[in-house]
Amino acid sequence: MTTVDSFPAISTYVGNGDGVPNFNLTPQQIESISSEYINGSMMVHDTVAAQSTPTFDNCIVPIATYDNSTREAVGVVSFLKYVSTDKAVRAASTAATDAINKHCAEMYMRKDVYNSVCAVHQDTKEMSQLQEEDTRLVEYMMETFHSYGNGLDQEKAKRFSQIYSHLDQLISQHSQNAIEITNHVLFTREELDGLPESYFDGRLTETIDGVDKF
């Protein structure tokens with residue numbers, strides 16, 4: 001089974017063995033983690049898609065296990081674009097996050113992977129033997145695949161993919177704009193009417209044309 005242990009950048013750079021995430025990543029390390037995550041995910045989903053007899057153990061477990069084992073790495077890589085004081089790190093984090101999000105969307109849009117997961121979901125004997133948590137996991141995966149357009153006819157699925165891709169680009173650009181913004185907007189006390197007094201305590205003001213603004 002493909003696990004985080006198969007990928008040195010993820011296992012080395014994220015976490016120091018005691019469960020504490022490592023946020024001191026270089027742009028090169030961020031790129032390595034992103035590439036390894038995507039390569040590993042591709043291997044997992046290719047294996048799931050190739051199953052001739054899909055079961056919970058050979059389809060659902062590998063996807064869930066890989067997602068869980070890499071969650072910390074992906075989280076750290078994505079988080080750095082919001083908090084790093086290094087512009088190069090923020091840029092690398094943004095690029096890596098975009099690449100990972102695009103890859104994940106592509107995996108959930110894959111018809112062959114969906115067919116394997118769907119086969120497990122439709123196997124009443126297999127599903128009846130699962131514990132409640134495992135049943136919910138299968139149902140959750142099905143819901144996620146459907147949310148990415150699986151189950152639609154070919155024409156609608158193609159249109160969905162186009163809309164999703166456009167929205168993803170807009171979301172990414174908005175996020176980048178918000179992160180890198182350096183200007184600010186000032187308001188008068190009257191324009192902020194309704195805010196509690198505690199909001200104004202100790203807050204810096206600028207006086208413009210004789211009017212204090214926050």
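Helices here are DSSP runs of H or I with at least four residues, strands are runs of E with at least two, and both are numbered from the N terminus. The model is predicted, so local features need pLDDT of at least 70 and side-chain atom pairs count only at pLDDT 80 or more, while totals for chains, interfaces and linings use all residues. Residues are numbered from 1 along each chain as its sequence is written, and side-chain values use heavy atoms, with hydrogens and water left out.

H2 packs with H3 at an angle of about 165°, their axes being 10 Å apart; axes are lines fitted to C-alpha atoms, for helices over the stretch in contact, and angles run from 0 to 180 degrees between N-to-C directions. That angle makes H2 roughly antiparallel to H3. The scale used counts angles under 35 degrees as roughly parallel, over 145 as roughly antiparallel, 65 to 115 as roughly perpendicular and the rest as oblique. On the H2 side, the contact (heavy atoms within 4.5 Å) includes Ile 30, Tyr 37, Ser 41 and His 45. On the H3 side, Tyr 66, Asp 67, Val 77 and Leu 80 are among the residues involved. The contact of H2 with H3 comprises 13 nonpolar, 5 polar and 2 charged residues. In this division Ala, Val, Leu, Ile, Met, Phe, Trp, Tyr, Cys and Pro count as nonpolar, Asp, Glu, Lys and Arg as charged, and the others, Gly among them, as polar.

H2 also packs against H4, at an angle of about 5° and with the axes 8 Å apart. The two helices are therefore roughly parallel to each other. Pro 27, Ile 30, Tyr 37, Ser 41 and His 45 are among the H2 residues in this contact, and Ala 88, Ala 92, Ala 96 and His 103 are among those of H4. The contact of H2 with H4 divides into 13 nonpolar, 5 polar and no charged residues.

Two residues of H4 can be followed individually. Ala 92 lies in H4 and is buried, with a relative accessible area of 17%; buried means under 20%, exposed over 50% and partly exposed in between, for a 1.4 Å probe and protein chains only. Leaving aside neighbours within four places in sequence, Ala 92 is in contact with Pro 27 and Ile 30. Ala 92 and Leu 80 are 12 residues apart in sequence, with their C-alpha atoms 8.9 Å apart. Arg 90, also placed in H4, counts as buried at 14% relative accessibility. Not counting residues up to four places away in sequence, Arg 90 touches Leu 80, Lys 81, Ser 84, Thr 85, Ile 179 and Glu 180.

Gly 149 follows H7 and has a positive phi, near 100°.

A positive phi is also found at Asp 209, near 55°, in a residue other than glycine. Asp 209 sits in the loop between strand S1 (206-208) and strand S2 (211-213). Asp 209 is exposed, with a relative accessible area of 78%.
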